[in-house]
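Hi,

Here is the structure I said I'd send over.

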Amino acid sequence: MRNFCLFIVTLILLTGLYFSSCAKVEGDETEPPAISDVRINKNDTLMYGNLVIKMNDSLNDNPNRMDTVIATKWMYIYARFTDNEALSTFKVEINPEYKDKRGRENVKDSIMPIVKLGQMIFNQKDITVYRNRLLQIPDTITRTRKDGDVSVMDTLVLSQKIYDMKVAVIDKAGNGDSIMDYKVVLMNRKSLYDVRVGQK
């Protein structure tokens with residue numbers, strides 16, 4: 001009986017020590033994950049009639065460069081995520097602005113935040129994601145508004161300009177790090193075509 005009681009006490013102590021050491025290790029995980037080498041739509045191409053336009057050349061390593069995103073095309077991210085323990089997920093957020101067709105500069109008719117969760121990094125320590133598909137940004141949206149007692153539908157057009165894009169990553173312990181002001185240029189196909197033809 002005495003041996004059995006000693007066995008039970010030892011088992012309880014070992015179990016308590018095991019769980020307390022696990023909790024200590026998990027609680028000590030305060031180092032945030034890191035993001036580096038972010039690119040959007042690297043080496044993207046656009047067909048416009050017989051013209052093939054290449055965008056976001058991977059050889060351009062200028063830190064002040066801005067990647068171009070064409071409305072209605074898929075947006076892809078290339079980025080490296082690292083953590084000393086294990087990563088959980090990452091997200092990309094952008095807030096495209098839309099204006100009415102009259103192009104009133106002093107009125108923001110609509111701001112539509114778009115948030116998309118990334119994939120393939122859960123439980124990794126160091127991973128580079130290639131061509132991770134995120135979203136398509138529409139070049140127009142339709143809204144319904146009140147004009148007196150009448151509901152009126154109209155179309156809003158994407159404001160083509162430089163936007164701030166947020167990339168954020170979280171590790172399994174809940175620590176986060178983010179690139180707040182990654183710049184991208186949002187354009188439609190015709191505008192990019194006009195810019196490139198104008199350069200020739």
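Before anything else: this is a predicted model, so please read the notes with that in mind.

Let's begin with strand E10, which is where Ile127 sits. Ile127 has a relative accessibility of 17%, so it counts as buried, the cut-off being under 20%. Setting aside neighbours within four places in sequence, Ile127 touches Ala79, Arg80, Phe81, Leu87, Met120 and Ile121.

E10 belongs to an open, antiparallel sheet of three strands, in the order E1-E5-E10. E1 (34–40) and E10 (126–136) are the edge strands; each has a single partner, so one side of each has no neighbour in the sheet. On average, neighbouring strands here are turned by 25 degrees against each other, ignoring direction. Between E1 and E5 (residues 74–82), which run antiparallel, there are five bridges. One to look up on screen is Ser36, whose bridge partner in E5 is Arg80. Arg80 is also among the contacts of Ile127.

Most residues other than glycine have a negative phi. Arg131, also in E10, has a positive phi of about 50 degrees without being a glycine. Asn56 is another non-glycine with a positive phi, near 55 degrees, and lies in the loop between strand E3 (51–55) and strand E4 (67–70). Are these two buried or exposed? Asn56 is buried, with a relative accessible area of 10%, while Arg131 is partly exposed at 48%.

Cheers

Conventions:
Residues are numbered from 1 along each chain as its sequence is written. This is a predicted model: local features need pLDDT of at least 70, side-chain atom pairs count only at pLDDT 80 or more; totals for chains, interfaces and linings use all residues. Side-chain values use heavy atoms; hydrogens and water are left out. Two strands pair if DSSP finds at least two bridges between them. Helices (H or I, at least four residues) and strands (E, at least two) are DSSP runs, numbered from the N terminus. Axes are lines fitted to C-alpha atoms, for helices over the stretch in contact, and angles run from 0 to 180 degrees between N-to-C directions. Buried means under 20% relative accessible area, exposed over 50%, partly exposed in between (1.4 Å probe, protein chains only). Contact means heavy atoms within 4.5 Å.
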